[in-house]
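Hi everyone, thanks for making time this morning. Let me put the structure up, and then I'll walk you through a few places in it.

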Amino acid sequence: MVTVNENFAKLPGSYLFAAVAKKVAAYKETHPESEIIRLGIGDVTQPIAPAIVEAMHKAVEEMGHAETFRGYAPEQGYAFLREAVAEHDFKARGCDIAADEIFISDGAKCDSGNIQELFSLNNIAAVCDPVYPVYVDSNVMAGRTGDYRAATGRFDRVVYMPCREENGFLPELPAEKADVIYLCFPNNPTGEAIKKAELQKWVDYANAHGAVIIFDAAYEAYITEGGIPHSIYECEGAESCAIELRSFSKKAGFTGVRLAFTVIPKELKADGVSLNELWLRRQGSKYNGAPYIVQRAGEAVYSAEGKVQVAEQIARYMENAGVILNGLRSMGYTAFGGVNSPYIWLKTPNGMKSWDFFDLLLERAGVIGTPGVGFGPSGEGYFRLTAFGTYENSQKALDRIKKM
Ligand code: PLP
């Protein structure tokens, strides 16, 4: 008789956004007339930029003619896209990353969930707390963790690195064994970024301890301040200890189009084995590539027009971030993030629990955010708002919170 992967049973309750959706559905049932403003889930709202749409149209046309039709894409992604990425995202920033160290995919969510397959089940994963839930859940499903402890909100055999106000929302170097270290900067959910000198400490630590850093830079395009690395490869020695994840979702509004990439330098080895070769083997067996049309769309993100249009969109979201951050602060809230990222991380008033504040905001202002505790126990007492709505809705949400 078939049996299921018992590791799934270790996962508590429902996925965070499913829990939020359930509460919102219940609220809508009892308040059918209420106009809800969604500043919760991190989905974009602006349409795909014209230069990118044009490239997609062109690629669609090519697919309709025998001479230009394309079937399966190369397993690592088309060279035209990998070369554009290497040039614009890395060489332009002084990072020595070549096209054959870049693996195109259809999302950083899958890549961040799948990448743990490269490592032994004996390895220990270290994650920030609060954390983008995929890093932990994928390790749980793979059987790399122990059981979930409801009392602490933690899994056994996972190193949690608390990121709190007192440490500037930066993790501290782990005191215990940590083999695969997940870092995400600019951070989801706290919205805080890491300075280059701070990130260098992690690279040095990983090289000294034989650990691998999975650096999720999905929000790199939102960095507005100097001194903040856009890539971990800006740090010296990162090629021998770090994998970087990137996404076109928040950079160019591709959440529904689906495109991302993972960088694995050739220099990066574990047990003397090249992780670049291992991932290539893995992708060859399990993945058949992002669509040609979508990869052409990705290429257009790096065109002269595409760059300008995408930068304008990001600036618009960051304008919302400013409205939310400054608006909250002017009301007396303590709020973080929102300067190098589209996320605002606010401290709930009077030590309220995250979910209680969620209910209050929904009931009294019709605004949806995300309870901080959903990202890990250190997120308790915090709440995440996103800048991905419209300017009008961000303003309206703030006005309603003011009247609450
Ligand atoms: N990594 C982080 C930190 C994210 O917040 C998200 C999306 O919210 C992703 C990865 C997923 O990106 P993608 O849309 O490319 O799957």
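Let's start at Met161, which sits in strand S6; strands here are DSSP runs of E with at least two residues, helices are runs of H or I with at least four, and both are numbered from the N terminus. Please keep in mind that this is a predicted model, where local features need pLDDT of at least 70, side-chain atom pairs count only at pLDDT 80 or more, and totals for chains, interfaces and linings use all residues. Residue numbers run from 1 along each chain as its sequence is written.

So, is Met161 buried or exposed? Met161 is buried, with 21 other C-beta atoms within 10 Å. The cut-offs are 20 or more other C-beta atoms within 10 Å for buried, 12 or fewer for exposed, and partly exposed in between, with C-beta atoms placed from the backbone. Leaving out residues up to four places away in sequence, Met161 touches Ala126, Val127, Cys128, Asp129, Pro171, Glu172 and Pro174; contact means that the C-beta atoms, placed from the backbone, lie within 7 Å. Asp129 is 32 residues from Met161 in sequence, yet their C-alpha atoms are 5.5 Å apart.

Just after H5, Gly143 has a positive phi of about 90°.

Now for some backbone details. Most residues other than glycine have a negative phi, and most peptide bonds are trans. Arg157 is not a glycine, but its phi is positive, about 60°. Arg157 lies in the loop between S5 and S6 and is partly exposed, with 17 other C-beta atoms within 10 Å. Asp271, also not a glycine, has a positive phi of about 60°. Asp271 is in the loop between S11 and S12, and with 8 C-beta neighbours inside 10 Å it counts as exposed.

Pro186 is in the loop between S7 and helix H6, and Pro189 is in the loop between S7 and H6.

On to helix packing. H10 (residues 304-330) and H12 (residues 391-403) pack at about 5°, with axes 9 Å apart. That makes H10 roughly parallel to H12. H10 contributes Glu319, Asn320, Val323, Ile324 and Gly327, while H12 contributes Tyr391, Ser394, Gln395 and Leu398. For the angles, axes are lines fitted to C-alpha atoms, for helices over the stretch in contact, and angles run from 0 to 180 degrees between N-to-C directions. Under 35 degrees is roughly parallel, over 145 roughly antiparallel, 65 to 115 roughly perpendicular, and the rest oblique.

H2 (residues 50-63) and H10 have axes that come within 7 Å and cross at roughly 135°. That makes H2 oblique to H10. Here Pro50, Ala51 and Ile52 of H2 meet Glu305, Gly306 and Gln309 of H10.

That's my tour; I'm happy to go back to any of these spots.

Terms used: Contact = placed C-beta atoms within 7 Å.
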